[in-house]
Amino acid sequence: MASMLAAQKLYPQAVVVFPGSQERNLRNFFIKSMVYLFNMTDLKDLDFERVRQLILVDTRQPSRIGKLADLLDNDDLVVHIYDHHPETDQDIQGHYVLNELTGATTTLLVEKLRERNIAISPDEATIMCLGIYEDTGSFTFPSTTNRDLEVAAFLVAQGANLNVIANLISREITSDQVGLLNDMFQAAIRHHIHGVEIVVTSVASHRYMPDFAFLVHKMVRMENIDAIFAIARMDNKIHIVARSRIPEVNAGQILKSFGGGGHAYAAAASVKHKTLAQTEHELVESLYTAVRPRRLAVDIMSSPAISIDSNLSCARANEMLNRYNVNALLVMTAADAKQTLAGYITRQVIEKALHHQLSALPVREFMTTDIATAGPEADLEEIQEKIIGHKQRILPVVENENVRGVITRTDLLNLLVRRNTRNAKLNGDEQSPTVHARTRVVAKFMRERLSGPIVQVLQDIGATAEEIGLNAYVIGGFVRDLFLYRTNEDVDVVIEGDGIAFARQYAQKMGARLHTHAKFGTAVVIFESGFKVDVASARMEYYQFPAALPTIEMSSLKLDLYRRDFSINTLCIHLNPSKFGTLIDFFSAQKDIKEKTIRVLHNLSFVEDPTRAFRAIRFEQRFGFTIGKLTANLINNAVRMDFFKRLSGKRVFAELKQILAEDNPGPAVTRLRDFDLLKVVHPSIELSPAMTHLFASIKRVVSWYDLLFLEESYMKWSVYFMGMTHSCDRETTRDICRRFELPPSVQALFATGRFAAERRLNSLERKLPSENSQLYRKLAEFRIELILYMMAAARTETVRKAISHYCVHLRFVRPWLRGRDLKELGLAPGPRYRIILDELLNARLNGRVDSREDEIALARELIAAA
């Protein structure tokens, strides 16, 4: 009713067809109080032949609109749809569809009213607000979004009467309803399906009982039920109402096969021509197919397991515990050329051994050998019993005597906290922070945002990984930019397992070339079109000392992501067919993207790799983000402790080059100054007003040049680099180039070319040539990077226009005639060729010849004069 009222205000010429609500409170309220608000007609009085437009609210299924479904056969009918339910295959296709997953359809419609500044009276606001309260369970259903709350607040501001709403939503249960609820409790059967407990209850009533869905909801709250399917036969029709508070049970998907629909957490269906027993039997059978198994050990474990040989020393174990930042190690022993599980050892034991000067003794002397294990199919209850019951810090997952992975006590705690948090949220309790990986399916979003060929590439990668028993993920900047709505087709793939073996299989399957790097476990697959896919094995890095290059080892996905620079770059998407499009977020990357924050993953990030400070600034300026307070403090600490002194010049230059290659590097250079990082480039470089002005000028010049669309590749970053070093003398510039280990040609550009360009610019500013040919001769010897630098550094507009004139009109001018043409005109080969060709070029530059024929005539004159 609320949705139709809001829709009527959007379509004031439409009539409302409202068959009446089966919810008694709403029906009485509507009939007695608010009928004057609706331009309503009875369905029997509707002239179907005159209907030209149909506006549907809160549904898209033909079965839910009765006889109005007959209108859909009219090809001239215009259909507009407003709905918040998930899409189904049976949905009506509209000419305009607004479908977003809010808690109430009314929310979507009121947002439209606000956009169009359509006034809402207090009575209208009350009905609309009541619709949101009903659809969101007074804002307690998990479907509730911030948008529902914001719209409700807006409606209250328009005069919605909360006293009326409170009276209407407080339902008193009649004696008949109490009896039906009691029957539901008595008939309840608890099914354990794939480790999930689901309640199914079946009842019958000779007449229709209002508020059946409310009774189901009340039963859920009273018994704290995770998932329930309530079946009732009323008025010779079977009604099914489903509620789910767990991701393993998708209520809407399950009832879809019964002709119903709804959300994953709330759904309903009406069944005809079947008995109560038959419906219950078919429902339970469908649950065994549709319910997803609870997470098993194989889903929770970290792999590969970090282990130590039993003969290695306690000192070595301590080193590994610190390197991998773990609190326990599995201990393995070699037997018949095979590593077998011998026990485990904890950080606490190792620290005591070191305290007692026992660091040289092997870990086998102190390891715990009484160790429980779990199989890959162990469920959460078994895992919990073994870790807590055996007081183990770490639980090995073993299959056929091979250790496949480990589950730590922290992993178990995270799972339990997440489950309790979810239940608390659904019951309206305060939510605790989630510490486990967040996942959601974004396959539809990917297909909307990515091109068809890219989606196909990702699907092929997942299918190939599945064929050889591996997991494939697309990661990093590709996923980050997907959610920032930025184009990025640099596909980086991580394989849990042997990335090179996967790359070989994939390249062979696609008919592509392959380059491998065994040391790093990486490969590049190159397609015939030139498109590339970078493949890496999941790995972790550790650093022997601050600013060192990382040492790389095979690892699990989570550890691979943990080695990355910033949280926003840790998103990944599963590509295997069974989980295609599942977004995985271990480190709250989505939250940081939403809050536009650059955040490191741990406090030693800049100690391990100080170049990340440059990257933080680059990302901050590129995306319009802000470096988080803690991250900024860590950068300042790294500068103060001078961790940058161990960085090679080559690594500093690699980061600086990427900053200067950005569309507008000026603000990033300012941030380098703010963090005192310009001295890392060279102590003599300071951000002066002159440099700031020059950078702004370079930005204008480069933008102008790019708009010429000359399709000429050039090193844009080098123009800014010359601007950065403009105050450095030749020897300082050479020192910078040598420290950065630049190639000789690039060194020549900066240490020789820039100074020659500046001298030529001074010459032009003293006296501009009067002819185009003279201007051409003064500038033709310089690379385009130097030309753009000169144009940006020019102090007068006259000189700047002269250089731009050269770029646009003179730079690519050549004589029509060539040496062979002069030969055909009778000129013998010799030094005169160069002289005459130069004269022809001058004539063309200065406009003395306008065609090839003019040039031939001039050439004849020059040859005759010789």
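Asn 400 lies in the loop between strand E15 (394-399) and strand E16 (402-408), where helices (H or I, at least four residues) and strands (E, at least two) are DSSP runs numbered from the N terminus. This is a predicted model, in which local features need pLDDT of at least 70 and side-chain atom pairs count only at pLDDT 80 or more, while totals for chains, interfaces and linings use all residues. Residues are numbered from 1 along each chain as its sequence is written, and side-chain values use heavy atoms, with hydrogens and water left out.

**Loop residues**

Most residues other than glycine have a negative phi. Asn 400, however, has a positive phi, near 55 degrees, and Tyr 485, which is not a glycine either, has a positive phi of about 60 degrees. The loop that holds Tyr 485 runs between helix H18 (477-483) and strand E19 (491-496). Arg 795 is placed in another loop, between H33 and helix H34 (797-810). The table gives the relative accessible area of these residues, where buried means under 20%, exposed over 50%, and partly exposed in between (1.4 Å probe, protein chains only).

| Residue | Relative accessible area | Class |
|---|---|---|
| Asn 400 | 66% | exposed |
| Tyr 485 | 57% | exposed |
| Arg 795 | 64% | exposed |

Leaving out residues up to four places away in sequence, Arg 795 touches Asn 762 and Glu 765, a contact being heavy atoms within 4.5 Å. Between the C-alpha atoms of Arg 795 and Asn 762 there are 9.4 Å, although these residues are 33 residues apart along the chain.

**The chain as a whole**

The chain has 37 helices and 28 strands. Its radius of gyration is 36 Å, well over the 29 Å that the globule rule gives for 866 residues, so the chain is more spread out than a compact globule; the radius is taken over C-alpha atoms, and the rule is 2.2 Å times the number of residues to the power 0.38. The C-alpha trace spans about 120 × 90 × 50 Å along its principal axes. Of the 866 residues, 49% are buried, and of the contacts between residues at least 6 apart in sequence, 64% join residues at least 24 apart.

**Nonpolar cores**

A nonpolar core is a set of buried Ala, Val, Leu, Ile, Met, Phe, Trp, Tyr and Cys residues joined through side-chain atoms within 4.5 Å. The largest has 121 residues, and those with the most contacts inside it are Leu 458, Ile 461, Leu 677 and Met 724. Helix H33 (residues 784-793) gives the most to this core, with 8 residues. Apart from its neighbours within four places in sequence, Leu 677 is in contact with residues that include Ala 613, Phe 614, Ile 617 and Leu 672. A second, separate core has 33 residues, among them Val 57, Leu 109, Val 110 and Ile 120.

**Cavities**

The whole structure contains 2 cavities of 30 Å³ or more. On a 1 Å grid over the protein atoms alone, a cavity is a set of points where a 1.4 Å probe fits but cannot get out, and lining residues have an atom within 4 Å of a point; grid points are joined across faces, edges and corners, and a volume is the space filled by probe spheres set on the points. The largest cavity holds about 160 Å³ of space. It is lined by 12 residues, of which Phe 141, Pro 142, His 217, Arg 243 and Arg 245 lie nearest its centre. Helix H8 (212-223) and strand E9 (237-244) are the elements that give two or more residues to this lining, and H8 gives the most, with 3 residues.

Note on methods: On a 1 Å grid over the protein atoms alone, a cavity is a set of points where a 1.4 Å probe fits but cannot get out, and a pocket is an open set with protein on both sides within 12 Å along at least five of seven lines; lining residues have an atom within 4 Å of a point.
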